[in-house]
Amino acid sequence: MKKIVTAVCGTMLCLSTANAQGADPLAPAGRWTAYTSGRAATPPMGWNSWNAFASAVDEEKVMGSAKRIVDSGLARKGYLYINLDDGWAAKRRVSDGHLIIRTDKFPSAITRGQKTPSFKPFTDKLHAMGLKAGIYSDMGRNTCAQAWSTTDVDLPKGSVAEREVGLHDYIDQDIALYFRDWGFDYLKVDGCGLRDFGPNSPKVKADQARALAPIMDLGAISRTDVAAVQTLFRQVGAAIARNNPDGDFLYSLCIWGAANVRAWAKDVGNASRTSDDISPAWGRLLVNYDSAVHRALYAHPGSWNDPDMLFIGAGDFDAAHLTEARSHFALWAMMNAPLLIGADLRKTPDALMDVLGNADIIALNQDAAGNQATVVYDSSDLQILLKTLSNGDKAVAVFNRGSGAQDVSLQATQLKYRDDAPVELTDLWTRKQISFTKDTKLRLAARETQIFRARGKRSLPDGLYLSEQPGKVNPAVDGVTRPIADPTIFRTAAGWGGTHGAGDRPQYAGWGGARADSAPYGQTLQVARKTYSSGIGILVNSRLEVRNDGYRHFATQVGVDDSATDKASAVVFTVYGDGKRLAESRPLKWGMPAEPIEVDVAGVKLVELVARSAATGNEALPVTWGGAALTGR
Ligand code: GLA
């Protein structure tokens, strides 16, 4: 017989107020802790200079693209930010640390009567066009182009000190300049300065840059000082907030998934790169897509996964490759990625402008519910992504990653619809309507993504599974343990010493992160051989925050997931409502049947789900919140 746990919490013992247990990260916070400052209730949209122009950016190129954004109607559809990337800085003036703009490239920065160039006329012009303006910096002393460019042509010039145009030692001064004095609305902060200027780097050896002991390594979390990196990004965030009392800013982190940022950026900024740079090549698109697609629970209104800018308009995504260009756009829209166009819009053919301007697909990306799509079907070459929209509709994308055509059976149950009632699909590329019951056959060309808006009869009629609303679920503590620094790796004033060793991790740390409808390492959710098509998979010693949008009941079935290799350790599952304990499971071990938990959450704004190991030593044990759902309004 199943035991229903509905703990009565009238006693002092049952009460647990916010962080009553001190520094215990699993103590209920009683509030939503992910980042909500800035202007990113929906993912940012606009244009960025880097993919088209790299450091050879100039005012004419930027304004030409801005003008096309307005004239083509893309601005009206939401593409508002015009972002300068690397390449705008001439130098830092040594006498007062003021940053100097390349006036040969940005002539409007030469202002009458002023000795120091200013971007104010540039941002004024963009604002007058109804647009917003973005700028670029680096967290270290130097930028990525300064680390990687093989020519000196478009780099800052002068002495080593004059070439130091990054934020290091200048956070307060530069942030005030960008936002208060120059009027920018958006800042992208890159990370090469924290990584690429060790004593042996070519630019340091060539006396073009000062050495800065690297604190970050994209390939090895054990050579990364996660806390130090985080502290710097938080400092910049605080400076941005101070200089934008109206909150009209956007803060974008660019450390490519290093320093385990995919787990913590949601607490620090509005968007964060999940991988290294995209290039106009299909294989590279897949790498960037893969770095974000399983991380839906880490994106929320206010903070988004960023698999990098759109490369539509070049290489595998040019006008001769419309299938690939459409896939790129559809996938980025489904993932709630920032939609930042990377093309020289002065020359972009209409066929590609139509891809970028597909209002129905933009609407999926900009949907107010802020749910990044989750992967509901995953085979080697085929994936189905599903996204719940604010009006109750679903968006569905069927993606053929491979190089051959594929026949696909799309099933109502994959959309969490009943299979005995009709499902209506609208193809968002062709506007064609499809109606089916149970399943329908689709034929996908190589690299094609078909994308639909869907309506059907929901299998859970009066609520939502948590996995259908990742925008409201925050893995505040995801149980992924930081590797203890490999003792063979040590840090000196000159950088990291020693050799790669056992402490090194895969390129993107955070393997084992919380997942919707999947165990943390990718298996089907399953407890004592019972599978769950809906639910949250997470590691033990974790705390999930769930916003409750007026529902009265919360129900789930909890247990150690069958994918666990540790078969001896016990886990206790606790549900809190606004910081108060509502229910708790018995200690559960691998192989024990899932225990149902049902609680009344009427009036509760925040539900928290804590899975705590009953003993130390069983880290990385996957646990399942099977069928977890909020129901009944
Ligand atoms: C890094 C970033 C890119 C771009 C360049 C500029 O590579 O990831 O997006 O900003 O630096 O140098």
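This is a predicted model: local features need pLDDT of at least 70, side-chain atom pairs count only at pLDDT 80 or more; totals for chains, interfaces and linings use all residues.

**The cysteines**

The disulfide joins Cys144 to Cys192, with the two sulfurs 2.0 Å apart. It ties together distant parts of the chain: Cys144 sits in helix 4 (residues 144-148), while Cys192 lies in the loop between strand 6 (186-190) and helix 6 (202-205), and the two are 48 residues apart. What about its handedness, left or right? The torsion about the S-S bond of Cys144 and Cys192 is about 95 degrees, so this disulfide is right-handed.

Are these two cysteines buried or exposed? Cys144 and Cys192 are both buried. Then there's Cys254, which takes part in no disulfide. For Cys254, the nearest cysteine sulfur belongs to Cys144, and that one is 6.4 Å away.

Now for some helix packing. Here are the two pairs side by side.

| Helix pair | Axes come within | Crossing angle |
|---|---|---|
| Helix 5 (residues 171-181) and helix 7 (residues 226-242) | 9 Å | roughly 40 degrees |
| Helix 2 (residues 59-71) and helix 3 (residues 120-128) | 11 Å | roughly 15 degrees |

Let's start with helix 2 and helix 3. Their axes cross at roughly 15 degrees, which makes helix 2 roughly parallel to helix 3. The crossing of this pair is right-handed. Helix 2 brings Glu59, Val62, Met63 and Ala66 to the contact, and helix 3 brings Phe122, Lys125 and Leu126. Sorted by type, the residues in the contact of helix 2 with helix 3 are five nonpolar, no polar and two charged.

On to helix 5 and helix 7. With axes crossing at roughly 40 degrees, helix 5 and helix 7 are therefore oblique to each other. Helix 5 passes helix 7 in a right-handed crossing. Which residues make the contact? From helix 5 come Ile171, Asp172, Ile175 and Phe179, and from helix 7 come Leu232, Gln235, Val236, Ala239, Ile240 and Arg242. The residues in the contact of helix 5 with helix 7 split into seven nonpolar, one polar and two charged.

Notes: Residues are numbered from 1 along each chain as its sequence is written. Side-chain values use heavy atoms; hydrogens and water are left out. Axes are lines fitted to C-alpha atoms, for helices over the stretch in contact, and angles run from 0 to 180 degrees between N-to-C directions. Helices (H or I, at least four residues) and strands (E, at least two) are DSSP runs, numbered from the N terminus. Angles under 35 degrees count as roughly parallel, over 145 as roughly antiparallel, 65 to 115 as roughly perpendicular and the rest as oblique. A crossing is left-handed if the near helix is turned anticlockwise from the far one by less than a right angle, and right-handed if clockwise. Contact means heavy atoms within 4.5 Å. Ala, Val, Leu, Ile, Met, Phe, Trp, Tyr, Cys and Pro count as nonpolar, Asp, Glu, Lys and Arg as charged, and the others, Gly among them, as polar. A disulfide is a pair of cysteine sulfur atoms within 2.5 Å. Buried means under 20% relative accessible area, exposed over 50%, partly exposed in between (1.4 Å probe, protein chains only).
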